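Morning, everyone. Today I want to talk about salt bridges. Please have a look at the structure first.

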Amino acid sequence: MKKYLARSVLLAAVLGFSAIAQAAPISLSDRIEQLGEMKYIKLTGGRTAQRNGLLAVQLEMQNQDKGDQQLYYRFRWFDDAGFVVGGEEVWKPLKFIGLQKQIIDTIAPVPNAVDFKMEVNSPENTGALPAAK
């Protein structure tokens with residue numbers, strides 16, 4: 001009986017961890033590629049989840065300046081071996097008014113995408129490489 005109880009507890013722990021892993025906050029610093037140090041627009045949060053077999057990404061960005069700012073972004077998708085999948089996306093513009101927060105929602109174009117990188121650029125960036133982590 002103890003043997004079955006221990007297996008049940010272990011199975012419940014594994015299933016619980018899987019559910020948490022799918023909804024856990026993501027590490028933004030590992031998935032954001034800045035083309036120049038972003039001066040005013042900062043990534044402030046994000047999440048990933050599986051929806052209908054596709055990787056869904058939600059990122060929160062904030063303009064930390066009182067003036068309007070422009071951002072350009074695009075996503076690259078990777079399979080479990082680290083290869084790019086889903087083709088290359090076009091750059092998308094996003095305008096922020098002063099101190100505004102915006103949410104970027106996107107879904108991977110192919111079911112084998114398990115990870116992503118978001119490239120970001122702004123005309124108001126410093127032009128220098130982002131600081132080392």
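Let's start with one pair. Glutamate 33 and arginine 76 form a salt bridge through their side chains, at 2.7 Å from N to O. The two residues come from distant parts of the chain. Glutamate 33 sits in strand E1, residues 32-34. Arginine 76 sits in strand E4, residues 69-78. That puts them 43 residues apart. Keep in mind that this is a predicted model.

The cut-off for buried is under 20%.

Next pair. Glutamate 60 bridges to lysine 101, with 3.7 Å between the closest N and O atoms. Glutamate 60 is in strand E3, residues 54-63, and lysine 101 is in strand E7, residues 101-107, so this bridge ties together parts 41 residues apart in sequence. Glutamate 60 is partly exposed, at 24% relative accessibility. Lysine 101 is partly exposed too, at 48%.

Third pair. Arginine 74 meets glutamate 119 in a salt bridge, 2.5 Å from N to O. Again, distant parts are linked: arginine 74 is in strand E4, and glutamate 119 is in strand E8, residues 115-121. They are 45 residues apart. Both arginine 74 and glutamate 119 are buried.

Now the wider picture. How many salt bridges are there? The count is seven. Which residues form a network of them? Glu33, Arg74, Arg76, Glu88 and Glu119 are linked that way.

That's it from me. Over to you.

Conventions
Residues are numbered from 1 along each chain as its sequence is written. This is a predicted model: local features need pLDDT of at least 70, side-chain atom pairs count only at pLDDT 80 or more; totals for chains, interfaces and linings use all residues. Side-chain values use heavy atoms; hydrogens and water are left out. A salt bridge is a side-chain nitrogen of Lys or Arg within 4 Å of a carboxyl oxygen of Asp or Glu. Helices (H or I, at least four residues) and strands (E, at least two) are DSSP runs, numbered from the N terminus. Buried means under 20% relative accessible area, exposed over 50%, partly exposed in between (1.4 Å probe, protein chains only).
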